[in-house]
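Me: I have a model open and would like to learn how to read it. Can we start with the strands and then move on to the helices?

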Amino acid sequence: MENSEVNICMITDDNYIMPTSVAIHSMVVNKSKEQYNFYIITSNLSEESEKQFKKFEKDGVAVNIIRENAEERFRGLHYFSANSICVASISALLKFIIPNLFPQLDRILYLDGDLIVKTDLEELYLTEFEDNYAAVVIDTSKIYWKSKFNSSVQNYFNSGVMLLNLKKMREDNISKVLIETKRNLSDSSLMDQNVFNIVFDGKIKMLPLKYNFQALGLERAGSKWEAEDINKFCGTEFKTKGEVFLDNAIIHYSSKDKPWKEPDTALAYEWTHYCNSLYGGKPSRKEKYGISVIMPCYNSEAYLRDTVNTVLNQSFKDFELIMIDDGSTDGTADIIKEFAEKYNNISAYYSKNHGQGYERNFGITKANGKYIHFMDSDDLLEPCCYEKLYACAEDGNLDCILFEGKAFYETKELENSMPQYKTSYTRREVFPRIYNGKDLFIILRSTVGIIVQPGMQFARRDFLINKNIRFPELTMMEDNLYTYKLITRAQRITVLPNSFYKRRVRENSTMTAGRDKEAVKALAYTAVEIIKEYNENKDCYDFATAIFKHIVVICKILRLYYNDIYIEEGGKDCLKELSNISDSITFCLFIAAAGERSAMCRYTTVEYKNLTDKLNKAYKEKSEINTKLQKTYKEKSEINAKLQKTYKEKSAKTAQIKKLEKWSLYPFLKKIKRFLKKILKLKK
């Protein structure tokens, strides 16, 4: 075997021409310098269809077509069942004869057509077999679902990605064993996977999970597994589910919900990226830039150069940077001017001190990009941030993306005094599909909570403008109401587990500022505005419940701030100093206190929902019974009408018979009959 060649085998029929093409395209664009030899086993394809695969041929890429008739070769070997989870066609059984189809090869990488490859395959291809039949990846369904097959073998694996030891398989005549095992197997739940596991049991080498990442199954069974379960089965060290979903080199859509049929399923936008790259279909952009980065700056001369450079050093270059000096009293304005004069895609604006909310809103009006990202003037970015966000937003046709960040501390003292920021910007759960914003808000509010930092949000400019999503012009905590509206107004939104954003924890920032009266005012304003949202949506049970929980959370935070101020001021009530919004604060304090008691929480309890569901069910059953009764009354009326008609007809027939008896020979014959009976009696 030469290290410079990678031999890849795939199987396709008429149903999989397009997905297989997308899979091949993903491999070709991510390959390095080695030679890729594709062996496409086709089942009953026309020569015209096969030509589509030959189009991939170029320097470093060879495509070989092997024609087989799976229907004829494997007739009667598999019986489809209505209860089966099998999504493969009979063509998948051609995997059994791969060793015999390629006698010239000692190894080959088999790949299903419903996947994409995000990396070069040489490292995977050169994996040592160690006298095993194959190198494979665990089927992650084993973690959350038990069957007689995945429980009966040592390491149950997924057969969609297999590095096959063709030499050893031929030596042991494994093709014949696979076919005979399938013939004797009454189970029809899967086409080929259970057979491979039975035959290969104890003779496989396990590969890292990233080489066959089964995203759809993991997302669908999200509540049935934790990162620790993956670590146990795969020998990994993931801390969160997000980390699990980030570690993928081959994404395998091994489910009925294929991304070309269900474009909003887990990681479907990754597949769409390669599909769009191969077939086109994305409209030309009308905006001047891909991304507008809006950066309000206030007294940040010590950090500003590093922050601007982290934007300039992005791998994605189609952006503008809008820098707004918010009335700084240090050298911030001079640094802004310096960058604006040096770079054509940086614009500078100067104003009085209004606060970040005001300046961000101003930045939106000046933006010429398709997407908006708000950057704080002391934070940093990962170099691939904008490249990944832009591609994801385009491929998924998204209104908004939420992502994650990591905190870094300016001093060790801050790290010791504020350890909460180490985990403030990550989520333990994963949300890999595309959602409606209200649905996502319900899920977030009931699970991991909501990260409100705008630096970890990426939104389409037209969406912000059309939905009138703006920051309230508060001096602090303006992020809360903006983030609520951003999520709940979105029609298409997703959550990436990537930690693209680096959040600086430093002295004299809004993050580390003390709890003052301005914070209490901001929280009260936010709570009152979201209460209005609750009133507008109170008939939508799940969404209204999530809003209510959100209000209670905000009010509890307000109470903490208020109590701290009360203690600091020696028990002095500060409501008099906040007379303009004292009623709102009092109401929020009431909600915070009452929210912990059953009277206020009753609406959000499972018991109350169950009672409501039972009541609705009873009303429905009553309605159905009334409908049946109405139908019965109608049927009874129809039967009575038929009986009346029958009685009338009988009466008429009886009268007719009597009339016929009167004017017929019947009476005379009756007399003769009686006379004859008397004579016969006398003779005896």
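Predicted model: local features only at pLDDT ≥ 70, side-chain atom pairs only at ≥ 80, totals over all residues.

Me: What is the strand order in the open sheet, and how is the pairing described?

Reply: Eight strands make up the open sheet, ordered 12-11-10-13-16-15-17-14, and the pairing is mixed. Strand 12 (346-351) and strand 14 (380-381) are the edges: each has a single partner strand, so one side of each has no neighbour in the sheet.

Me: Which helix packs on the sheet, and which strands does it touch?

Reply: Look at helix 15 (residues 332-342), which touches strand 10 (289-297), strand 11 (319-326) and strand 12. The direction of helix 15 makes about 150 degrees with that of strand 12.

Me: Now helix against helix. At what angle do the axes of helix 19 and helix 23 cross?

Reply: For a pair like this, check the distance and the angle. The axes of helix 19 (residues 437-446) and helix 23 (residues 541-568) come within 9 Å, crossing at roughly 50 degrees. That is why helix 19 counts as oblique to helix 23. The crossing is left-handed.

Me: Which residues meet there?

Reply: From helix 19 you have Lys 438, Phe 441, Ile 442, Arg 445 and Ser 446. On the helix 23 side, they meet Asp 542, Phe 543, Ala 546, Ile 547, Lys 549, His 550 and Val 553. Sorted by class, this contact of helix 19 with helix 23 has six nonpolar, two polar and four charged residues.

Me: Is Ala 544 buried or exposed?

Reply: Ala 544, which lies in helix 23, has a relative accessible area of 0%. Buried means under 20%, so Ala 544 is buried. Ala 544 and Lys 438 are 106 residues apart in sequence, yet their C-alpha atoms are 9.9 Å apart in space.

Me: How many residues of helix 9 are buried?

Reply: Seven of the eight in helix 9 (residues 193-200), so the helix is largely enclosed by the rest of the structure. Among the buried ones are Val 195, Phe 196 and Phe 200. The buried residues of helix 9 pack against strand 6 (134-138), strand 7 (157-165), helix 7 (166-171), helix 8 (174-183) and strand 8 (204-206).

Me: What is the phi of Gly 202, which follows helix 9?

Reply: Gly 202 has a positive phi, near 80 degrees.

How values were computed: Residues numbered from 1 in each chain as written. Heavy atoms only, no water. Axes fitted to C-alpha atoms, helices over the stretch in contact; angles between N-to-C directions. Helix = DSSP H or I, 4+ residues; strand = E, 2+ residues; numbered from the N terminus. Parallel < 35°, antiparallel > 145°, perpendicular 65-115°, else oblique. Left-handed = near helix turned anticlockwise from the far one by under 90°. Contact = heavy atoms within 4.5 Å. Nonpolar A, V, L, I, M, F, W, Y, C, P; charged D, E, K, R; others polar. Buried < 20%, exposed > 50% of the residue type's maximum accessible area, 1.4 Å probe, protein only. Pairing = 2+ DSSP bridges.
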